[in-house]
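Dear colleague,

Please find below the structure that I am handing over to you. My notes on it follow directly after the display.

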Amino acid sequence: MKVIKQLSAHATQDGDGVNISRIPGFDGKHLDPFLMIDELKSDNKNDYIGGFPAHPHRGMETFTYIIKGGFEHRDQMGNKKAIKAGDVQWMSTGKGVMHSEMPLADANEGLHGFQIWINMPSAEKMRAPIYQDTTAHPAPVASNDNGVTLKALAGTWQFADQALTSSLQTLAANAALADVTLPAGQRFELPPLSQQKVMLYIHTGSLTTQAGNVIAAKQLLILEPGSDIDLYTEQGAGVLILAGDELQQPIAHMGPFVMTTEAEIQQAIRDYQNGEFGNI
């Protein structure tokens, strides 16, 4: 496995005072087609109780994965869903979505989850929005004889002699995501994926390199194109795999809007101010 770049998440806030760890990629240099990786992990409800009140989006896709706790999602399309531990939610916002994500009333034992933004091809940014989640069709999971598990969050994956097909199959940029759990002293291996960009985000425990170096949680490893995946942990680890094809297009970003030009950003602001995103 060849790592060409390592990035660290930094602490920040979003929504109504929600504390998160973020790896931004709005400059397009390292994460393309992904735009941002946000991790929310806390057992203190004051870190997340404010949630994410109603806000708009345009021109990108939001991918939410909950490991612990949960949120209630509402949007202007009429969707109202409780997204709980193990669930995945995907919104291709297209020309506009208005939504909120608020902690569930029974999420008193902490929260651990992700919101990951994926860029959309310029030609698709103004199409109608799409919503999908896995509450009715849970993400498939496979384990090998050593207790290593892979949960297919989006896309199709091959592991432990099984084909794992998520119900989320139409993410932008051919994106696919999986969550891998390794018990202490175990290894996880995958042959090269078909996507150009493959990244690994350590969310739990740590990995140990062949040289004996420890890579702690909140680190993102960007692999050389065509590299295989070979992970080893001494103490146990949880790792997200993010894969997608680079879009290699300009990125214009302001808050919840991601377009290709500054003029399109200004149009998004006008449309929002004119009420064209609707109400929850």
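Helices and strands are here DSSP runs, a helix having at least four residues and a strand at least two, and they are numbered from the N terminus. Please note that this is a predicted model.

I begin with helix α1 and its end. Gly 275, which follows α1, has a positive phi, near 80°. The helix itself comprises residues 262-273. Its twelve residues should span 16 Å at 1.5 Å a residue, and this agrees with the 17 Å between its end C-alpha atoms.

Which residues of α1 are buried? They are Ile 265, Ala 268, Ile 269 and Asp 271. These residues lie on the same side of α1, because they cover an arc of only 165° around the axis. The buried residues of α1 pack against β24 and β25. On the face turned away from the buried side, α1 carries the exposed residues Ala 263 and Gln 273.

Next come the salt bridges. In general, side chains of opposite charge can pair when their charged atoms come close. The count for this model comes to eleven salt bridges, and I describe some of them here.

Asp 271 and Arg 58 meet through their side chains in a salt bridge, at 3.0 Å from N to O. Asp 271 belongs to α1 and Arg 58 to the loop between β5 and β6, so this pair ties together parts that are 213 residues apart in sequence. Buried means under 20% relative accessible area. Asp 271, with 7%, is therefore buried, and Arg 58, with 5%, is buried as well.

A salt bridge also joins Lys 68 and Asp 43, whose closest N and O atoms are 2.9 Å apart. Lys 68 lies in strand β6, while Asp 43 lies in the loop between β4 and β5; the two are 25 residues apart, and the pair links distant parts of the chain. Are these two residues buried or exposed? Lys 68 counts as partly exposed, at 34% relative accessibility, whereas Asp 43 is exposed, at 61% relative accessible area.

For Glu 246 and Lys 197, the salt bridge has its closest N and O atoms 3.5 Å apart. Glu 246 is in the loop between β23 and β24 and Lys 197 is in strand β19, so the pair ties together parts 49 residues apart in sequence. Glu 246 counts as partly exposed, with a relative accessibility of 30%, and Lys 197 counts as buried, with 7%.

Finally, a network of salt bridges links Asp 14, Arg 22 and Asp 38. Strand β3 (residues 18-24) is mostly covered, as five of its seven residues are buried. It pairs with strand β2 (residues 10-14) in the antiparallel sense over five bridges, and Asp 14 has Val 18 in β3 as its bridge partner. β2 and β3 form a hairpin with three residues between them, and Gly 15 in its turn has a positive phi of about 60°. β3 also runs antiparallel to β4, to which four bridges join it; there, Ser 21 has Glu 39 in β4 as its bridge partner.

Thr 156 has Thr 165 in β16 as its bridge partner. Two residues lie between the strands of this hairpin, and Ala 160 takes a positive phi near 55°.

Yours sincerely

Technical notes:
Residues are numbered from 1 along each chain as its sequence is written. This is a predicted model: local features need pLDDT of at least 70, side-chain atom pairs count only at pLDDT 80 or more; totals for chains, interfaces and linings use all residues. Side-chain values use heavy atoms; hydrogens and water are left out. Two strands pair if DSSP finds at least two bridges between them. A salt bridge is a side-chain nitrogen of Lys or Arg within 4 Å of a carboxyl oxygen of Asp or Glu. Buried means under 20% relative accessible area, exposed over 50%, partly exposed in between (1.4 Å probe, protein chains only). The expected span of a helix is 1.5 Å times one less than its number of residues. The arc is that of the directions from the helix axis to the C-beta atoms. Contact means heavy atoms within 4.5 Å.
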